[in-house]
Amino acid sequence: MNPQLSVMNQIRGGVFTRADARACGYPDPDIDSLLDTGGWRRIRPGTYAPHQTLTLVDDEMLHLRRLYHVLRRGEPGLIASHQSAAALHALPLWGLDLTHLHLTTRTGRAGLHAGGIHRHVRDPVGPGVTVWNKLRLVSPARAIAEVAATSPLAPAVVLTEAALYAGLVTPADLKRAANHLATGPARAHRALALAGAASASVAESRLRLILTEAGLPTPSPSLPPLSEEHCMDLATCNLWFPDERTVVEFEARNPFWTEEFDDYPSEAADRAFGALAPGDPEPPEPLEYCWISWPDLDDPTQVVADIRTAFTRASRRTGIHHFSPDRPRRSPRRHLIPPAGVPDQPG
């Protein structure tokens, strides 16, 4: 099931219609094939459910169901925006407040309304409005920019990196969307500038942001030369610091989705298991490992301290100390030289 259909599955409480599947990119032959092979099962004519799927009623599902009801049966002209639009785009909502539905319209009173609706009034409503499955919502780039302007930094960076990873937006798209914001463009640009395309999960995005804000070295884009004992846990990912000879391992919680449905893309397999190119030097083996759990990420100060400690242990074992070129330097001592025309003082 692709991410868009997963959203519709949550909106309808664990089922979806044939029209939903078509709107999410499934042609009729694929739908029939999934039904015939047991991937999907018929609940009633025209209504299906994923086979052997446990549907959890969480805050995200409740938010999507309320949003769908308001957009389909509420007053005309309502447009899903901010984190509500991000939810419809199947982007991760970690750390975002889902208490209120965020809707943009041209008329009415801005602010909180009855029924848990946060109304954003903007006339004209601005660029980046689209329609999906008869629902009006802002584009992924605009939704991300709106969240970046109104939400805490870490969730905004996670949301941005997830969209970049999925290929829904480009940095240029995000910059244009932030420039068109009615309020908070400077705050949005700051969050967008901290986001990159290297993260593949919410956990990795949070960890990389902690590293950046602490001024720690940037991890290598290459995979570390791990031994077999460190390659067994598929739920564990790592960041490789070759100069510090250290691997930082972490739980790959909440992986980002992508339009690539193959579980083992050839390019990813080549990066993970391909042989070194002729002439490439054998990378140095790690000396130290630092484990960061999902709960640890709630304490960035301790995470930074643990990683610095691992760097120090590796440095002691090699006897090599790496100095940052940005470290403050002491000014050299200057000899006192008497001004011209003033005789030297005796003694």
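A residue is called buried when its relative accessible area is under 20%, and Glu249, with a relative accessible area of 12%, is therefore buried. The structure described here is a predicted model, and its secondary structure comes to 12 helices and 12 strands. Of the 347 residues of the protein, 40% count as buried, while the accessible surface comes to about 20200 Å², of which 53% belongs to carbon and sulfur atoms.

**Overall contacts and cysteines**

- A disulfide is a covalent bond between the sulfur atoms of two cysteines. When the whole structure is searched for such pairs, zero disulfides are found.
- Cys24 has a relative accessibility of 8% and therefore counts as buried, whereas Cys237, with a relative accessible area of 30%, is partly exposed.

**Helices α6 and α9**

- Two packed helices are described by the angle between their axes and the distance between the axes. For helix α6, which covers residues 140–150, and helix α9, which covers residues 185–194, the axes come within 7 Å and cross at roughly 105°.
- Sorted by class, the contact of α6 with α9 has seven nonpolar residues, one polar residue and one charged residue.
- Ile144, which has its place in helix α6, counts as buried because its relative accessibility is 1%.
- Although Ile144 and Ala188 are 44 residues apart in sequence, their C-alpha atoms are 8.7 Å apart in space.

**Strands β11 and β12**

- Glu249 is found in strand β11, which runs over residues 246–251, and the C-alpha atoms of Glu249 and Cys290 are separated by 6.0 Å although the two residues are 41 residues apart along the chain.
- Ile292 lies in strand β12, formed by residues 288–292, and is buried, its relative accessible area being 1%.
- Not counting residues up to four places away in sequence, Ile292 touches Val248, Glu249, Phe250, Glu251, Leu297 and Val303, so that Glu249 of strand β11 is one of its contacts.
- Between Ile292 and Ile307 there are 15 residues of separation in sequence and 8.9 Å in space, taken from C-alpha to C-alpha.

**Strand β3**

- Thr47 lies in strand β3, which covers residues 47–50, and with a relative accessible area of 9% Thr47 is buried.
- When residues up to four places away in sequence are not counted, Thr47 touches Val15, Phe16, Thr17, Arg41 and Arg42. For one of these, Val15, the C-alpha atom is separated from that of Thr47 by 6.8 Å, and the two residues are 32 residues apart along the chain.

**Backbone details in the loops**

- Most residues other than glycine have a negative phi, and most peptide bonds are trans.
- Asp123 and Pro124 are joined by a cis peptide bond, with omega about 0°, and Pro124 has its place in the loop between β7 (117–121) and β8 (129–132).
- Ala90 has a phi near 65°, a positive value in a residue other than glycine. Ala90 is found in the loop between α5 (82–88) and β5 (101–105) and counts as buried at 13% relative accessibility.
- Asn254 likewise is not a glycine and has a positive phi, of about 55°. Its place is in the loop between β11 and α11 (266–273), and at 41% relative accessibility Asn254 counts as partly exposed.

Note on methods: Residues numbered from 1 in each chain as written. Predicted model: local features only at pLDDT ≥ 70, side-chain atom pairs only at ≥ 80, totals over all residues. Heavy atoms only, no water. Axes fitted to C-alpha atoms, helices over the stretch in contact; angles between N-to-C directions. Helix = DSSP H or I, 4+ residues; strand = E, 2+ residues; numbered from the N terminus. Nonpolar A, V, L, I, M, F, W, Y, C, P; charged D, E, K, R; others polar. Disulfide = S-S within 2.5 Å. Buried < 20%, exposed > 50% of the residue type's maximum accessible area, 1.4 Å probe, protein only. Areas by Shrake-Rupley, 256 points an atom, 1.4 Å probe, with all protein chains shown as cover. Contact = heavy atoms within 4.5 Å.
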